[in-house]
Amino acid sequence: MSNNVSLRVKAQRLGGKLSAMVLPNLGAFMGWGILTALGIWLANDTLKGFVAPVLTYLLPVLIGVAGGKMVYGEKGAVIGAFTTMGVVIGANITMLLGAMIISPIAAWILKKVDGVIEPHIPVGFELLIGNLTVAILGAIIAVFGCVVLAPAITSLSGFFAAGVSALENNNLLPLTAIFIEPAKVLFLNNAIGQGILTPLGTTQLDELGKSVLFLLESNPGPGLGILLAYCLFGKGNSKANAYGATVIHFFGGIHEIYFPFILMKPVLVIAAIAGGIVGTFLFTLFGVGLVGVSSPGSIITIMMMSAAGDQLKILLAVLASAAASGIVASIILKGSKDVDEAEVNKSLKEAAKTMESLKGKKSRISSVFEDKEQEVDYSAIKKVLYVCDAGLGSSAMGASVIAKKLKKAGITDIGVEHARVMDLPREDADIIVTHVSLKDVAHEKQPDIKIISIEDYLNAPEYDELVNNIVSSGNK
């Protein structure tokens with residue numbers, strides 16, 4: 001069991017690093033998708049002229065910058081971009097996967113070499129030798145990427161593409177929902193969507209001009225059905241919170257908001273799988289796809305990224321997947337015994353415990369004041385930092401909720417920001433807020449700070465408790 005937990009945690013960390021190279025560049029990916037779609041719809045040669053250069057050069061280099069920077073800051077970004085050009089030149093396919101591999105490796109090598117030679121650099125020669133190190137190592141690694149790595153990745157991509165084609169040709173692609181939907185509930189949605197499906201889907205674009213793989217993880221249908229079932233048959237807090245969560249999930253594209261609803265009753269993962277299977281089956285039956293990454297997984301961005309003529313078919317498939325998951329979830333919820341408010345709150349606690357256990361963490365719930373971190377002087381707080389896995393959807397939403405509550409309470413001089421949990425430690429943060437499933441990671445990254453763990457992204461009582469403590473301290 002411990003080995004399984006260890007492997008799961010390692011997979012989560014690897015997936016998080018892969019997605020961290022794509023997520024900062026999603027705007028460029030979506031911009032490329034919009035230009036591609038407009039170029040096709042309008043038959044405009046000028047817009048079409050952007051398609052190949054951006055896909056071939058710009059997007060891999062941006063990933064190379066992010067991958068190198070993640071390992072070794074600005075110097076890592078430079079060598080990451082430079083070495084990425086090596087795999088780009090050495091391949092005849094899009095090298096997103098190549099950029100994800102070579103850029104962090106090149107940055108890591110540079111970091112190690114710098115650590116060895118910097119103590120011996122004569123005074124006044126730091127800039128010269130530092131740049132020469134980047135240049136020489138970058139040139140060597142870039143040539144290696146061009147001659148060795150690019151052909152190997154091309155073969156590997158061909159193998160994966162053949163596997164995807166085999167699944168599609170044998171009508172087995174819908175069965176990927178059996179793995180994707182449970183993994184999403186473990187907060188691996190960004191790792192799957194950005195770290196795995198995005199590179200494979202981008203490879204398909206060269207051949208087909210669109211890819212169904214962009215829809216497998218981003219499909220909001222399974223989560224929508226489960227939330228609607230809670231709206232109809234949920235009880236207490238779960239039903240009350242489901243209404244707002246439904247709108248945020250479907251239109252805002254923040255899928256993390258429905259994960260606790262499944263963990264509150266884990267058997268509901270069957271409903272998510274059913275919705276995923278139905279949605280993917282219809283996607284493949286209709287032959288639809290997206291021309292670029294849809295992130296966040298909002299129905300709005302999905303419609304924007306849909307290939308010409310596919311919008312209505314994709315919408316029908318998404319609604320059908322919602323209907324499938326909703327029917328299964330309704331049956332499960334209707335069969336549940338009525339519980340009172342206290343028992344609902346208890347089940348939410350148990351769901352959070354389950355999440356911690358599944359993610360390989362201690363099976364415990366820590367409230368805002370159960371931590372052993374240093375006590376907080378609420379009167380001196382100047383910045384609240386909300387962290388999540390990707391640093392985008394759920395943390396941005398939670399930070400917005402806290403900021404509005406502070407403003408309503410008359411607190412105007414406290415900043416509320418959001419970030420990735422892997423970006424910790426942040427020296428400018430006075431207090432950190434995160435979901436209970438990420439609390440241990442945040443504590444490991446920054447152990448000397450108060451960490452508030454929440455379970456409900458929208459209506460966590462800890463938000464009000466934080467604001468009340470600040471107000472009581474006289475912090476204005």
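Is Cys388 buried or exposed? Cys388 counts as buried because its relative accessibility is 5%; buried means under 20% relative accessible area, exposed over 50%, and partly exposed in between (1.4 Å probe, protein chains only). Keep in mind that this is a predicted model, where local features need pLDDT of at least 70, side-chain atom pairs count only at pLDDT 80 or more, and totals for chains, interfaces and linings use all residues. Residues are numbered from 1 along each chain as its sequence is written, and side-chain values use heavy atoms, with hydrogens and water left out.

**Strands**

- Strand E3 (residues 431-435) is mostly covered, with five of its five residues buried. (Strands are DSSP runs of E with at least two residues, helices are runs of H or I with at least four, and both are numbered from the N terminus.)
- On one side of E3 sit Ile431, Val433 and His435, on the other Ile432 and Thr434, and all are buried.
- Strand E1 (residues 383-388) pairs with E3 in the parallel sense over four bridges; pairing takes at least two DSSP bridges between two strands.
- Leu385 has Ile432 in E3 as its bridge partner.
- E3 also pairs with strand E4 (residues 451-454), again parallel and over four bridges.
- From E3 the chain crosses through helix H16 (residues 439-445) to E4, in a right-handed β-α-β crossover.

**Salt bridges**

- The count is nine salt bridges, each being a side-chain nitrogen of Lys or Arg within 4 Å of a carboxyl oxygen of Asp or Glu.
- One of them joins Lys75 to Asp114, with the closest N and O atoms 2.8 Å apart.
- That pair ties together distant parts of the chain, 39 residues apart: Lys75 is in helix H3 (residues 45-89) and Asp114 in helix H4 (residues 96-117).
- Asp114 is buried, at a relative accessible area of 2%, whereas Lys75 is partly exposed at 28%.
- Lys383, Glu417, Arg426 and Asp428 are linked in a salt-bridge network.

**Cysteines**

- No disulfides turn up: the count is zero, going by cysteine sulfur atoms within 2.5 Å.
- Like Cys388, which is buried, Cys231 counts as buried, at 8% relative accessibility.

**Surface**

- Trp41 is found in helix H2 and counts as partly exposed because its relative accessibility is 40%.

Methods
Right-handed = clockwise from strand over helix to strand, strands pointing away.
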